[in-house]
Amino acid sequence: MSQPRSALPIVDMSLLNGTDDDRRAFGDSLRTATHEYGFFYLVGHGIGRDVRDRLFAAAREFFALPEADKLDVEMLGSPQFRGYTRFGGEYTQGSIDWREQIDVAAEYEPLGDGPAYLRLDGPNQWPAALPEFRAVITDWENRLHAIGLNLMREWAVGLGADRDVFDDAFAERPHTLLKLVRYPGRDTSQDRQGVGAHKDPGVLTLLLIEPGKGGLQVEHDGDWIDVPPLDDAFVVNIGELMEYATDGYLKATLHRVRSPEVGAERLSVPYFFNPALSSTMPRIDLPADLAAQARGVTLDPDNVISGTFGENMLKARLRAHPDVARIHHADLLC
Ligand SMILES: O=C(O)CCC(=O)C(=O)O
Ligand SMILES: [Fe+2]
């Protein structure tokens, strides 16, 4: 397949199997890409095509279920924002996102009373009609968890910090989240919002895009650049907490998806490598040359970035799913 051009840098994870120089080059490319773009293509990650195909097959099976089966696991029934969201159930910047999706997050016993964000802990909703679904998703989560942890350690080194500086935040009850997403084709002459412009609220997102399907756009220097999928690559971006951890040396970048044309559709699977709800990201003491390039954390009165992941995540969930918020968390809405 010929590759459409995109300006995003390509970072090759197989360098980690090489010499010390290769490893250093990897850390440098990771740091530079996320300083300049906040986004990159990740190749050499070791996840084979068969595994990726199996995931897309599970996604297609899920979306092809009768509506009643999907509504059986509807997110409206989940105070923890897990399960199926039909078209029109999700909002970005107050406008409807034209996509359907199922959200699956890490499952833990709730801790009980405490900060409001602890309400996000709890069970998933698994589609009863698809007995294999859970195993396929769990396998995917495990593989991506390992890649996520590995990347965090390399980032730490590339930023001049101890290799394990981020480990604590992920050591217990990491609140990872995965979505299977389907963007249907539609008349795009009016509204093209598949998902509206946003930054991800967590640490790191590993995004798998259906081969050949464009639509993702990333903000860079005031323009939108197209990010078509690259064969065998993940699209990786950092979330607001990495901006927080580095005083804005690394950049959480606005991105959005444009709806496909009528007759087409687009599947994607974002995996959000998130820390524990109660964790606060460490603030890295950057070496002087990097500190001189730190831009500070974005100050937006409509989107205040908290270093405590649970606060940042709850804010994002209440905003994206107002129907779920009204049903289950009316006391948190002002
Ligand atoms: O579907 C995509 O390509 C991106 C989705 C996304 O940015 C998100 O769900 O946060
Ligand atoms: Fe996103």
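## Residue M242

In this predicted model, M242 is buried, because 26 C-beta neighbours lie inside 10 Å of this residue and the threshold for a buried residue is 20 or more. M242 is placed in helix α6, which covers residues 240-245.

Apart from neighbours within four places in sequence, the contacts of M242 are V203, L204, L250 and A252. A separation of 30 Å lies between the C-alpha atoms of M242 and D331, two residues that are 89 residues apart along the chain.

## The protein chain as a whole

The protein chain contains 9 helices and 14 strands. Its radius of gyration is 19 Å, close to the 20 Å that the globule rule gives for 334 residues, so the chain is as compact as a globular protein of that length. The C-alpha trace spans about 55 × 50 × 40 Å along its principal axes.

Of the 334 residues in the protein chain, 40% are buried. Contacts between residues at least 6 apart in sequence were also considered: 79% of them join residues at least 24 apart.

## The surroundings of ligand 1

Which residues surround ligand 1? The shell consists of K179, V181, V195, D200, L207, I209, L216, H255, V257, S268 and P270. The elements that contribute two or more residues to this shell are the strands β7 (177-184), β9 (204-209), β13 (255-258) and β14 (265-273).

Sorted by class, the shell around ligand 1 comprises 7 nonpolar, 2 polar and 2 charged residues.

Note on methods: Residues numbered from 1 in each chain as written. Chains lettered and ligands numbered in written order. Predicted model: local features only at pLDDT ≥ 70, side-chain atom pairs only at ≥ 80, totals over all residues. Near = placed C-beta within 6 Å. Helix = DSSP H or I, 4+ residues; strand = E, 2+ residues; numbered from the N terminus. Nonpolar A, V, L, I, M, F, W, Y, C, P; charged D, E, K, R; others polar. Rg over C-alpha atoms; globule rule 2.2 N^0.38 Å. Buried ≥ 20, exposed ≤ 12 C-beta atoms within 10 Å, placed from the backbone. Contact = placed C-beta atoms within 7 Å.
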